[in-house]
There are 2 protein chains.
Amino acid sequence: MKLLEDRILTDGHVIGKGILKVDSFLTHQVDYELMDQIGKRFAKHYENSGITKVVTIEASGIVPAIYTAQALGVPMIFAKKAKNITMNEGVLTAEVFSFTKQVKSTVSIASKFLNPDDVVLVIDDFLAHGQAAKGLLNIIGQTGASVAGVGIVIEKSFQDGRQLLEDLGVPVTSLARIKAFENGKVIFKEADI
Amino acid sequence: MKLLEDRILTDGHVIGKGILKVDSFLTHQVDYELMDQIGKRFAKHYENSGITKVVTIEASGIVPAIYTAQALGVPMIFAKKAKNITMNEGVLTAEVFSFTKQVKSTVSIASKFLNPDDVVLVIDDFLAHGQAAKGLLNIIGQTGASVAGVGIVIEKSFQDGRQLLEDLGVPVTSLARIKAFENGKVIFKEADI
């Protein structure tokens with residue numbers, strides 16, 4: 001998605017060897033116009049897939065996910081990273097290790113919001129090692145719902161997340177695919193859509 | 001906001017003495033249509049306040065905040081509940097105690113996204129003891145930006161959060177105000193807008 005790639009080149013910052021900071025439009029301050037376009041792009045790609053729910057994980061996936069859900073006309077569910085006292089019965093969980101934060105956390109979804117008739121589109125902001133998406137697929141699998149695909153805003157294609165998800169039989173659709181960081185600059189490979 | 005009050009009566013669940021669960025349309029599964037209406041309502045109320053940024057806190061505040069930001073035509077910033085390695089320089093923090101989760105956490109915003117010229121509208125999903133909003137006001141105050149108001153989706157008016165914020169000189173605008181829970185039912189008082 002050229003609009004997104006251009007924005008990454010303009011406003012993204014490469015830190016160290018493998019971190020791309022996009023906190024001015026995606027992960028901290030959020031540009032609703034770009035996110036709305038992103039949602040519409042995912043929705044167009046999956047418009048004939050019979051999607052009934054969009055699922056993401058808190059927190060940076062929430063905005064691209066809600067605009068995708070809006071464009072598809074379906075509810076959005078965001079998985080939680082820790083249980084709280086208002087959410088204890090009928091909760092499905094999976095363990096996720098975050099390489100960015102170097103912590104293991106438990107992600108959870110209330111089972112009542114997904115059933116075997118659901119066709120889910122998973123949306124997330126980043127795909128690197130694929131641990132968050134794998135955790136979501138695990139939880140969704142427990143409900144009997146099927147997954148039509150995983151839509152990613154920014155994929156680090158030099159890491160193994162995409163292969164991990166494809167090995168699980170799930171198609172991945174990334175709007176921007178980063179081949180490498182060279183001398184602090186972002187080098188893209190061709191995006192999926 | 002009658003649409004919201006009706007939805008709370010239809011789909012909200014009162015648990016124990018003081019917890020309202022609205023996980024089917026706000027805090028876990030999210031109804032984009034209702035959230036879009038909520039965003040437009042906040043925006044209409046604050047349309048002449050010169051708002052330049054909408055600020056919320058992850059995670060359940062994000063959707064009402066982004067729709068409010070969209071309706072006002074300004075960026076949205078969500079405060080983070082924990083620092084991570086991509087966010088370390090120029091970070092402003094405040095400590096927040098969550099009565100719901102019974103944990104103290106550090107909320108943070110990168111200082112570069114707010115400056116003394118900014119006029120901020122704070123949006124959050126719930127107002128109970130006001131600790132999260134107070135933490136946001138603390139951080140925003142550190143940047144020199146001013147706060148035009150705090151917009152709340154659901155206020156528990158029998159708790160002390162609203163008074164706390166008004167004592168800090170900040171107007172509070174709540175779309176639904178809960179006077180009490182009686183025999184597991186929600187009793188409203190008149191909402192602000």
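Colleague: In which sense do β5(A) and β3(B) pair, and over how many bridges?
Modeller: They pair in the antiparallel sense, over two bridges. This is a predicted model.

Colleague: What stands opposite Met76(A) there?
Modeller: Val30(B), in β3(B).

Colleague: And which sheet does that pairing belong to? What's the strand order?
Modeller: An open sheet of seven strands, with the order β11(A)-β10(A)-β9(A)-β8(A)-β4(A)-β5(A)-β3(B). The pairing is mixed.

Colleague: What about β4 and β5 of chain A, parallel or antiparallel?
Modeller: Parallel, over four bridges, with β4(A) covering residues 53–57 and β5(A) residues 76–79. Within that pair, Val55(A) has Ile77(A) as its bridge partner.

Colleague: Which helix packs on this sheet?
Modeller: Helix α2 of chain A, residues 32–45. It touches β8, β9 and β10 of chain A, and its direction makes about 125° with that of β10(A).

Colleague: Switching to the other sheet. What's the order there?
Modeller: β3(A)-β5(B)-β4(B)-β8(B)-β9(B)-β10(B)-β11(B), again open and mixed, with seven strands. Its edge strands are β3 of chain A and β11 of chain B.

Colleague: How do β10(B) and β11(B) run?
Modeller: Antiparallel, joined by five bridges. Ile178(B) has Phe188(B) in β11(B) as its bridge partner.

Colleague: Which strands does α1 of chain B lie across?
Modeller: β9, β10 and β11 of chain B. Helix α1(B), residues 2–11, runs at about 165° to β11(B).

Colleague: OK, the interface. How much area do chain A and chain B bury?
Modeller: About 3,500 Å² between them, with 63% of it on carbon and sulfur atoms. In contacts, 40 residues of chain A meet 40 residues of chain B.

Colleague: How many salt bridges and polar contacts?
Modeller: Two salt bridges across the interface, and twelve residue pairs in polar contact. One salt bridge joins the side chains of Asp23(A) and Lys112(B), at 3.2 Å from N to O.

Colleague: Which elements of chain A supply the side that touches chain B?
Modeller: β2, β3, α2, α3, β5 and β7 of chain A each supply at least two residues. The largest share, six residues, comes from α3(A).

Colleague: And by class?
Modeller: On the side of chain A that touches chain B there are 21 nonpolar, eleven polar and eight charged residues.

How values were computed. Residues are numbered from 1 along each chain as its sequence is written. Chains are lettered from A and ligands numbered from 1 in the order in which they are written. This is a predicted model: local features need pLDDT of at least 70, side-chain atom pairs count only at pLDDT 80 or more; totals for chains, interfaces and linings use all residues. Side-chain values use heavy atoms; hydrogens and water are left out. Two strands pair if DSSP finds at least two bridges between them. Contact means heavy atoms within 4.5 Å. Axes are lines fitted to C-alpha atoms, for helices over the stretch in contact, and angles run from 0 to 180 degrees between N-to-C directions. Buried area is the accessible area (1.4 Å probe) that two parts lose on being put together, summed over both. A salt bridge is a side-chain nitrogen of Lys or Arg within 4 Å of a carboxyl oxygen of Asp or Glu. A polar contact is a pair of N or O atoms within 3.5 Å; within protein, one must be able to donate a hydrogen and the other to accept it, and residues adjacent in sequence count only if both atoms are side-chain atoms. Ala, Val, Leu, Ile, Met, Phe, Trp, Tyr, Cys and Pro count as nonpolar, Asp, Glu, Lys and Arg as charged, and the others, Gly among them, as polar.
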